Each structure stands twice: as C-alpha cells, then as structure tokens.
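Dear colleague,

I am passing on the structure we spoke of, and my notes follow below it. Please read them with the coordinates open.

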There are 2 protein chains.
Amino acid sequence: MNKGKTRQNNLKNDLFIRACYRQDVERTPVWMMRQAGRYLPQYRAIREKYDFTTMYKTPEIATEVTLQPVDFLKVDAAILFSDILVVPEAMGMSLEFFEGKGPLFSQPIRDKKQVDQLRPIVPEEDLYFVLEAIKMIRKELNGRVPLIGFSGAPWTLAAYMVEGGKSRNFTYIKNLRYSNPELLSKLLEKITEAVILYLKAQIRAGVQAVQLFDTWAGLLDPQGFEQFALKYARRVFESLKNMGIPLIYFAKGAGIWLEKLKECQADVLGLDWTVDIGWARNRVGDQFALQGNLDPTVLLSSPKIIRQEIVKILTNFGKANGHIFNLGHGILPNVTPENAKVFIQAVKEESVRFH
Amino acid sequence: MNKGKTRQNNLKNDLFIRACYRQDVERTPVWMMRQAGRYLPQYRAIREKYDFTTMYKTPEIATEVTLQPVDFLKVDAAILFSDILVVPEAMGMSLEFFEGKGPLFSQPIRDKKQVDQLRPIVPEEDLYFVLEAIKMIRKELNGRVPLIGFSGAPWTLAAYMVEGGKSRNFTYIKNLRYSNPELLSKLLEKITEAVILYLKAQIRAGVQAVQLFDTWAGLLDPQGFEQFALKYARRVFESLKNMGIPLIYFAKGAGIWLEKLKECQADVLGLDWTVDIGWARNRVGDQFALQGNLDPTVLLSSPKIIRQEIVKILTNFGKANGHIFNLGHGILPNVTPENAKVFIQAVKEESVRFH
C-alpha cells in the first residue's frame with residue numbers, strides 16, 4: 001500500500017494520490033479539468049496581457065496560472081497549465097493561433113511523406129519551457145497538493161494533426177482510419193514515442209501524476225477505438241508503469257467501451273458525464289479508481305442544485321475507496337468563480353460521510 | 001406474423017417492413033439517413049434553384065427529392081424529405097434560414113411565458129404541405145418501396161428551440177435541465193403532444209413506418225436521458241403503437257444506455273457507429289430489430305473497403321432476423337454518388353448468405 005510513496009512523501013495533502021491507488025481517505029479529493037481557465041477573473045487578467053502561446057511558453061506565467069485555482073478554490077491537485085499541441089509542434093509541425101478560432105496547423109498531415117518528416121522529440125530542448133514550468137510550480141506549491149502532468153493521447157493528437165484543427169466531422173482522420181490504416185498506425189507510432197518521452201521528462205521534472213486526454217476517442221467505431229486509440233494509450237501507460245506515480249486515462253465518449261477500457265493499464269479511468277458512475281464502479285471492480293463525473297453544465301445552476309447533484313454522484317459511487325471527484329469534462333468559461341468554489345467546497349463537505 | 005400487413009399489402013418490396021418486425025427476409029434491406037441530400041448531383045441541381053425552405057414546403061419538390069435515391073440507388077425504403085424544425089414552427093416559433101449557418105430561431109425559448117405561448121398544432125392546417133407531399137410521394141412510389149415518415153424527438157426539438165440553433169455546448173438547454181426541470185418538462189409535454197399529432201397525421205396521409213430522430217440524446221447524463229429524452233419518446237411510441245406500422249427510435253450517442261433504451265416501446269432501435277451491433281444484438285434479444293450502423297466516413301473510402309466494412313457488420317450481427325442496414329448517421333455531403341451506390345449494392349449482395 002506504499003505505492004507511489006517515494007515521489008509523494010513530502011505532500012501535505014496527498015488525498016488525490018491515495019484515492020488514485022484506492023487507499024483509505026478521510027474524504028473524496030476533488031479537482032477540475034481546465035481549472036486554470038477563463039472562468040477565473042485572475043486568469044482573464046493575465047490573458048488580456050499575453051496571447052495563449054506566450055502564456056504556456058513562459059514558465060513564470062504558466063506557474064502563476066497553474067497556482068490560481070489552488071489558491072482560490074483549494075482544489076486537491078494542481079494541473080500543469082499547458083496545451084496538448086506542444087507535442088506535434090515539437091515534432092516539427094507549425095502551429096498558429098487564431099483569436100476566436102483556436103490553434104490550427106497550417107499544413108495538416110495528409111500523406112506518407114509528411115509522416116516521415118515528423119521528427120523524434122528531445123523534451124529537454126523542444127519542450128524545456130514545460131519542464132521549467134513544472135520545476136517552478138513544484139517549488140511554488142511547496143507540497144501543498146500534488147501536481148498533475150498531462151499529454152494529449154496519441155489518437156487525439158493525430159486527430160488534430162490530420163484535421164489541422166477542430167473539425168465538424170473529422171473526415172480526414174476518419175477516412176485515414178479506413179482507407180490507410182497502415183499510414184495512420186505509422187503516425188500513431190511516432191506520436192506515441194514522442195508522448196512517452198514527453199511524459200517521462202515531465203515526471204523527471206517533478207509531476208506527481210499523469211493524465212492522458214483522449215478527447216476524440218468517441219469519434220471512433222468500437223474496433224477503431226481498440227486499434228487506434230486504446231492500443232497506443234496502453235503503450236504509453238505500459239512505458240510509465242514503473243515510474244511510481246498514478247496514471248489516468250480520460251477517453252471522452254468511450255464509456256460505451258468500458259470493458260475494453262479495462263485493458264488500458266492506467267490506475268485511474270476518467271469518466272465523462274454520460275457514464276453512470278455506479279454502473280462503471282460495479283464493472284471495473286477493484287481494478288481502477290474512477291475520476292469524475294459531474295456534468296459541467298451543473299455549475300451554471302445554483303449552489304443548492306450543485307450540492308444536490310454532487311450528492312447523487314457520491315451516493316451512486318457508494319462507500320468505497322478509489323473516487324477522485326471531477327467534472328465530466330472541462331469547466332465551462334461562463335461558470336461564475338463563486339459556483340466553482342461551491343462545487344469544490346460541497347464535494348469536500350458532502351463526501352466525508354462516504355468514507 | 002401478419003403485423004402491419006393491412007397498411008403494407010400493396011408493396012412490391014416489403015423487405016424493410018418485414019425486417020422491422022423481425023420476420024424472414026431473403027436479404028438485409030438497406031436505406032441511408034439523409035439519402036435525399038447534397039451528395040447527389042440531382043439534389044444539388046434543385047437546391048441551386050430553390051432555398052431549403054421552399055424545397056420542403058413545396059410538395060412537388062419534396063416528392064422529386066424523396067424519389068431521387070429510390071430511382072438512383074435502389075434503396076429499400078424512401079424517407080420523406082422534410083425538416084425536423086417544422087414542428088416548432090407550427091407551434092408558433094419563427095424560423096430563419098441563414099445560408100451556411102443552417103436554420104435558427106431568432107427568439108429561442110428561455111422562460112415560462114414563452115413556453116405558455118407555444119400553441120397546439122393542427123397538422124392538417126399548419127403542416128398541410130408535408131401531408132400533401134406524403135400523398136404525392138406514395139402515388140409516385142406506387143408501391144415500389146415503403147415510405148418512412150419522421151419527426152424530431154421531443155428532447156432534440158427542445159434542444160433546438162431553447163438554443164435557437166446548433167450550439168457548441170448546449171448550455172441553455174442543459175442549464176434548464178438542472179435549474180428548471182419543471183419548465184423543461186412542461187416544454188417537453190407540449191412538444192410531445194405536437195409530435196404525436198404530427199406523426200398520426202403523417203400515418204393517415206400514408207407513411208408506412210415512422211422514425212423518431214433523437215440527435216442530441218447523447219448530450220445528456222444518464223438520469224437526464226431517462227427523464228427528458230426517453231420518457232417523451234416512449235410516450236410518442238405508446239400513442240402510435242396500435243397504428244399498424246413499424247416504429248423506429250434513433251437516439252444518437254445513447255448506445256451506452258442500451259438497457260434503458262429497451263423501455264422505449266419502439267419496434268426498431270437505430271444505432272450509431274459507436275455501438276458494436278453484435279453486442280447490442282445479444283442484449284436486446286428478440287425485443288427489437290436493429291437499424292444501422294456503418295460509420296458514415298467509410299463511404300469516403302474505396303469500393304473494396306466499403307464492402308469489407310459491410311461484411312464486418314453483417315457478420316457481427318449474425319444469421320438472424322431483424323436487421324435493417326443503414327449508416328450510423330446521415331450520409332456525408334462529400335461522398336461520391338458512386339460510393340453511395342456501391343454501399344447499397346454491396347449490402348444487397350453480401351447479405352444474402354446471412355439469411
């Protein structure tokens with residue numbers, strides 16, 4: 001039961017780490033995806049001064065923004081402020097940010113030549129700004145809560161790299177999945193290598209848990225999910241298995257494939273809000289901790305309703321170890337900071353009686 | 001086993017009807033959602049002359065467009081060319097079409113007063129153009145294949161009525177679901193009444209099957225799906241149960257709730273491409289026929305791959321009655337007419353050995 005203790009021995013609050021390993025906790029730990037984000041006035045104040053790229057490429061700013069929800073909301077874990085597209089960029093793709101449209105690759109991957117041209121990453125050089133930020137954040141956190149590192153999962157990164165940006169039907173990557181699975185596999189192999197190097201470097205720099213975001217998993221068919229998403233996510237987790245920190249797989253829209261998800265080799269499964277967490281709990285047994293899964297739109301309602309919906313999820317999960325409370329997806333930008341605070345506080349208060 | 005025979009006794013091709021009732025067929029029937037659509041040059045030729053609204057409000061044009069895939073692709077069922085937003089419009093909402101942006105309600109429903117103002121529909125007056133089209137199509141079809149009528153499901157119509165149009169996060173309707181479930185229920189009651197009247201009128205006018213499209217079911221949480229989508233869809237099906245035609249429920253993104261779906265009172269469950277059809281088959285047993293579920297992006301690939309993916313689905317469903325082949329969602333506009341034809345033809349050829 002001392003799994004992960006070596007890297008986490010100086011934590012003042014290690015509830016999150018213990019819950020990831022399904023150990024006893026006094027209450028359910030809680031954090032929010034996209035907790036360092038636009039719903040916070042203190043985030044927007046910085047965002048007004050710098051563009052998004054500058055924010056995550058400047059360790060001082062990334063540190064400040066990462067710490068904001070820790071200071072203001074008292075969440076049980078910090079998550080590195082960064083962008084998942086830094087990996088494709090490090091592989092040689094040129095990324096442009098368009099205000100209002102988000103990040104776009106001007107030359108999306110469409111053929112073998114482009115896949116061949118992608119280069120292996122050297123995290124200490126290509127992504128030094130992330131590693132610097134991690135060290136700085138760890139210092140600033142000073143053991144208050146653990147720091148979660150992350151990466152886009154190979155499939156999700158491939159989706160962005162092939163489409164060029166967000167897409168309506170993701171027809172390029174989906175067409176590749178059927179028309180040229182060999183090329184897609186080759187692309188995924190290369191991305192997987194990069195993600196492994198990147199996450200190992202994050203761990204060496206000091207992150208105390210790692211989450212893989214597979215935002216676009218739900219676009220796939222069942223066989224495609226196994227072959228093009230799960231397979232490569234599992235390879236990432238297998239490579240990190242012995243590094244002594246909890247591993248989290250958040251595959252959005254993949255709840256229907258829960259039986260397959262059990263093969264992913266992570267410690268924790270993140271669930272979106274379409275999954276009944278009690279149903280999932282019964283099916284994964286003691287194999288995984290579960291993270292989630294309040295519908296993010298609940299935070300647009302009232303403190304009373306937020307508390308009520310939290311209690312539903314806690315009740316549904318039941319009196320058992322292995323629950324990290326979170327939203328089922330990122331916090332919406334139009335949530336008030338007050339309601340975000342209510343969410344964190346209510347989980348802390350209501351969850352005590354479930355332990 | 002003569003269920004539905006009264007209304008379908010003059011059909012030259014009744015494979016679709018028989019499959020809906022899980023009766024013996026010589027091969028698997030096939031049609032495509034959005035088969036009367038932009039991928040067809042003959043559709044685009046008409047679309048160049050008329051705006052979308054004119055097309056579905058003019059029975060002659062709706063008839064011509066409905067027949068196009070029957071003539072060109074030889075599908076086993078025709079589906080009425082119309083728009084799901086005619087119901088909210090008949091309830092008093094004013095709909096505007098913006099080129100490229102699709103249809104929008106300029107005054108979306110946000111409060112009780114607006115819900116109260118929605119009026120009961122009189123299909124024979126408000127939606128006479130649909131009923132005229134149905135009669136004209138039946139005449140033109142002359143029993144070649146059955147005609148499927150349809151409506152948006154109450155939840156999906158409510159989503160459009162509250163958001164005003166397509167939306168990124170559907171925050172207004174989702175917020176209503178948590179903050180004011182009473183008002184949402186009231187809205188859904190009114191829509192359900194309208195949908196029932198509308199579909200009964202369609203049936204009287206001559207449609208030989210009915211499909212309820214619950215495109216936005218997958219936005220909901222599990223409890224929300226039961227309370228705000230399934231409950232009202234079931235009410236519609238219960239009202240139509242004795243009208244002697246097959247009833248189809250297509251709830252996109254709802255595969256994860258298959259156990260709940262079994263309560264819907266339809267004859268056929270439509271499945272999107274994220275569902276393993278063999279898995280679903282095992283779970284619904286003899287209670288439902290299944291419709292679906294090829295990933296629409298497969299049609300962007302080659303004839304060889306299209307055939308291969310069709311065989312996978314046929315094999316996965318197995319040698320059993322009760323399968324209507326379809327895509328897992330509407331055909332994409334950039335599919336070639338040749339590939340659409342390959343799809344229909346390959347299902348016809350490959351499915352023989354499964355019966």
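In what order do the 7 strands of the open sheet in chain B run, and is the pairing parallel or antiparallel? Before the answer, please keep in mind that this is a predicted model. The order in chain B is 1-4-5-6-7-8-9, and the pairing is parallel. Strand 1 (78-79) and strand 9 (323-327) of chain B each have a single partner strand and stand at the edges, so one side of each is left without a neighbour in the sheet. Further in, strand 7 (residues 268-270) and strand 8 (residues 289-294) of chain B are joined in the parallel sense over 3 bridges, and there B:Gly270 is found opposite B:Gln291 of strand 8. Helix 12 (residues 181-205) of chain B packs on this sheet, where it touches strand 4 (147-152) and strand 5 (209-214) of chain B, and its direction makes about 170° with that of strand 4.

If neighbours within four places in sequence are left aside, B:Ala229 is in contact with B:Ala153, B:Trp155, B:Asp214, B:Ala217, B:Leu220 and B:Ala251.

As for the two copies, chain A can be laid on chain B with an RMSD of 0.0 Å by a turn of 180°, with a shift of 0.0 Å along the axis, and the copies are thus related as by a two-fold rotation axis. Within chain A, the C-alpha nearest that axis belongs to A:Ile256, at 2.3 Å from it. The same surface serves both copies, in that 100% of the contact residues of chain A recur in chain B.

Between the chains, 25 residues of chain A are in contact with 25 residues of chain B. On the side of chain A, the elements that give two or more residues are helix 11 (171-179) and helix 16 (303-317), of which helix 11 gives the most, with 5 residues. By class, this side of chain A has 9 nonpolar, 11 polar and 5 charged residues.

One residue may be worth a look on screen: A:Pro222, which lies in helix 13 (residues 222-240) of chain A. A:Pro222 counts as buried because it has 20 C-beta neighbours inside 10 Å. Not counting residues up to four places away in sequence, A:Pro222 touches A:Trp257 as well as B:Thr274 and B:Asp276. A:Pro222 and A:Lys260 are 38 residues apart in sequence, with their C-alpha atoms 9.1 Å apart in space.

With best wishes

Terms used: Residues numbered from 1 in each chain as written. Chains lettered and ligands numbered in written order. Predicted model: local features only at pLDDT ≥ 70, side-chain atom pairs only at ≥ 80, totals over all residues. Pairing = 2+ DSSP bridges. Helix = DSSP H or I, 4+ residues; strand = E, 2+ residues; numbered from the N terminus. Contact = placed C-beta atoms within 7 Å. Axes fitted to C-alpha atoms, helices over the stretch in contact; angles between N-to-C directions. Least-squares fit on C-alpha atoms with pLDDT ≥ 70 in both. Nonpolar A, V, L, I, M, F, W, Y, C, P; charged D, E, K, R; others polar. Buried ≥ 20, exposed ≤ 12 C-beta atoms within 10 Å, placed from the backbone.
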